[in-house]
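Subject: Structure for you to look at

Dear colleague,

Here is the structure that I promised to pass on to you. Please open it first and keep it beside you while you read the notes that follow.

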Amino acid sequence: MFADYSMPELMSIFAMQGFAGLSLFSIFVLMALGLAIIFGQMGVINMAHGEFMILGAYTTYLTAGLFENVMPGLYGIYFFVAMFLAFIASALLGMLVEWLMIRHLYHRPLDTLLATWGLSLILQQAYRSIFGAREVGVSLPDWMMGSIAVTDLVEIPINGLIVMVVTLVIATLVYLLMFRSGWGRQVRAVVQNRPMAEAVGIDTGKVDRITFALGCGIAGVAGAAFTMIGSTGPTSGQLYIVDTFLVVVFGGAQSLLGTIASAFTISQAQSTMEFFLSGSMAKVLTLLVVVGILMLRPQGLFALKVRR
Amino acid sequence: MKTTPSASSLMSRENLYFLVLAALLLLVFPVLLDAFRLNLVGKYLTYAFVAVGLVLCWGKGGILSLGQGVFFGLGGYCMAMFLKLEASSPEATASQSTPGIPDFMDWNQVTELPWFWQPFHSFSFTLIAVVMVPVILALIIGVAMFKRRVGGVYFAIITQAIAAILTILIIGQQGFTGGANGITDLRTLMGWDIRGNEAKTVLYFVTAGLLLACVLLARHVLGSKLGRILVAMRDQEDRVRFSGYDVASFKVFVFCLAAALSGIGGALFTLQVGFMSPSFVGIVPSIEMVIFCAVGGRHSLLGAVYGALLVNAAKTGFSESFPELWLYAMGALFIAVVLAFPNGIAGLYQRYLMPLEKKILGGLGKAARTPSTAPARQMEETP
């Protein structure tokens, strides 16, 4: 399949597809970071994670509409406001869901899966009733359009670049929060030994709620970033949920670094193969390889070496 | 005499419930429903095969598979391939550029029947494949996962990924599988037209009979020592392992059995509905199948059958009259089943109706000994 292309062409194909893969990578990382916190740290399977992401995307869409109509002069910076609002909206919904539903189910992980699936159906239908079944998109401000030409053949779109920067910033923040703050220490303590954490005076119920809300909030930011590279429909979230779970499991559920590494591997493999094979075959091959590796190495790429 | 009757009456009560279901399926539905509705019920019953399989592997074995649609679909596709080959004889497809191959292959410029379609000319091979293809896939997945002690949540996620892979594969390989439309326009089975009302009624009875047989088989498995090991494994896996049992092999067995049941259900689905498409394979139908089982009661074989019937009847009813509300209702059902009544209809029955029934049966027992039968009769009429 490589024979039809000359060497420099091949190089630039790899560079372009590599960059397209990086946009996919950014979405995967943002989705998976939230899921890694909720699933990896709390053991809750949130099948409605994609819908939390879409909530962020719709929030961004509404914010863009607001800026366009009320203060067109400031349209250039709407994205940053939208990102913040998306985080707040998804985190608040997450907090509510945790309080109403999840906290009753911590000892039954498989049942959280069914209950959150039900939640995702309800949210999907709610989006359909409110925003309509058609996909909506936002128009990018001028400075985010266009692309930077690196060589004659390689061009890098600016919106993709911004999404990537956002991903980097969020990933760094999550790392600092989880591993360099007192609150992160509390979360990790609750994960490792709940009764003991309670005994030293940590309010585990509160930690759970905020952890869940944080994970959902990050999904909201992922949704905001998602609007930059695609349009949003009521069922867009469901398309990503299986991939995201695979990313988290493949990376080793407890490891944030593993999540990022596996998101990188999966997205790059998929987008490079997409150029040479049909899109569906690329996806099938990627998923098959991931499932195959997981069957041989169930603990994922980066396993925490702790005694249980 | 006073110590033993609990066990023996429980057995007879189980038999009674089974007879009630059999009477409902074989007598009440065929008498009360017209051909169209009866065919719908027949379609729901094919899902009940999957739900019974899920009771075995999820309710009793503790293995939640989110990929039962894969096995349902594989069974269905095996049957559909046989029927499609019969429907595309060289005479019937003479107008195609390559006569004798299914029409969708011709549209996709495939000129030769692919190798994996060849054996499906034979009906006996198809019947074996309907069971064996799902079982072999389940065996591969099961051995790979359970021998490495992967279970619970991880197993659920990986089976879900497999459902996604198979769906994408079927849709992507349009020339070989019929793509998103699936395999349609199936006409005859060994020369017997399956589209008429009469044929559909016959197929309904075949489905109901096979389902009852499968329930009996599942009951036999659960009643044996193997069934008790399954339950023990679900509750205390390590203790069973330390007692010297090979936990993984039991899990593989029950997962394969559930896959076989799903495959049979899928094949009967194809026969009754007349087509098979990837929309019965993927993630969404697979999770819906789990909810049939959860609504009926994940520990009860008969409950699973009722669950499949009720949820599907509700789905048809809602989507006929309020399509908007269906997803809300379905979502609420998921949440309610998990939060409020995790043991489903069977659990509700045991909690609220069983005491009443005991009273009646107890009353009858007394009535046999004492002359006054009036109060017992009154009670019998109230529910």
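A nonpolar core is a set of buried Ala, Val, Leu, Ile, Met, Phe, Trp, Tyr and Cys residues joined through C-beta atoms within 7 Å, and a residue is buried if 20 or more other C-beta atoms lie within 10 Å of its own, exposed if 12 or fewer, and partly exposed in between, with C-beta atoms placed from the backbone. This is a predicted model, in which local features need pLDDT of at least 70 and side-chain atom pairs count only at pLDDT 80 or more, while totals for chains, interfaces and linings use all residues. Residues are numbered from 1 along each chain as its sequence is written, and chains are lettered from A and ligands numbered from 1 in the order in which they are written.

The largest nonpolar core has 196 residues, and those that touch the most other members are Ala48(B), Ala51(B), Val52(B), Leu54(B), Ala304(B) and Val305(B). Not counting residues up to four places away in sequence, Val305(B) touches Leu21(B), Ala48(B), Ala51(B), Val52(B), Leu211(B), Val215(B) and Gly296(B), a contact being two residues whose C-beta atoms, placed from the backbone, lie within 7 Å.

Helix H1 of chain A also holds Ile37(A), which counts as buried because it has 26 C-beta neighbours inside 10 Å. Apart from neighbours within four places in sequence, Ile37(A) is in contact with Thr211(A), Leu214(A) and Gly215(A).

As for chain B, its secondary structure comes to 16 helices and 2 strands, and 42% of its 383 residues count as buried. Its C-alpha trace spans about 80 × 55 × 40 Å along the principal axes.

Where the two chains meet, the contact takes 37 residues from chain B and 33 residues from chain A. On the side of chain B, the elements that give two or more residues are helix H5 (123-146), helix H6 (152-172), helix H12 (283-296) and helix H14 (323-339), and the largest share, 15 residues, comes from H6(B).

With kind regards

Methods: Helices (H or I, at least four residues) and strands (E, at least two) are DSSP runs, numbered from the N terminus.
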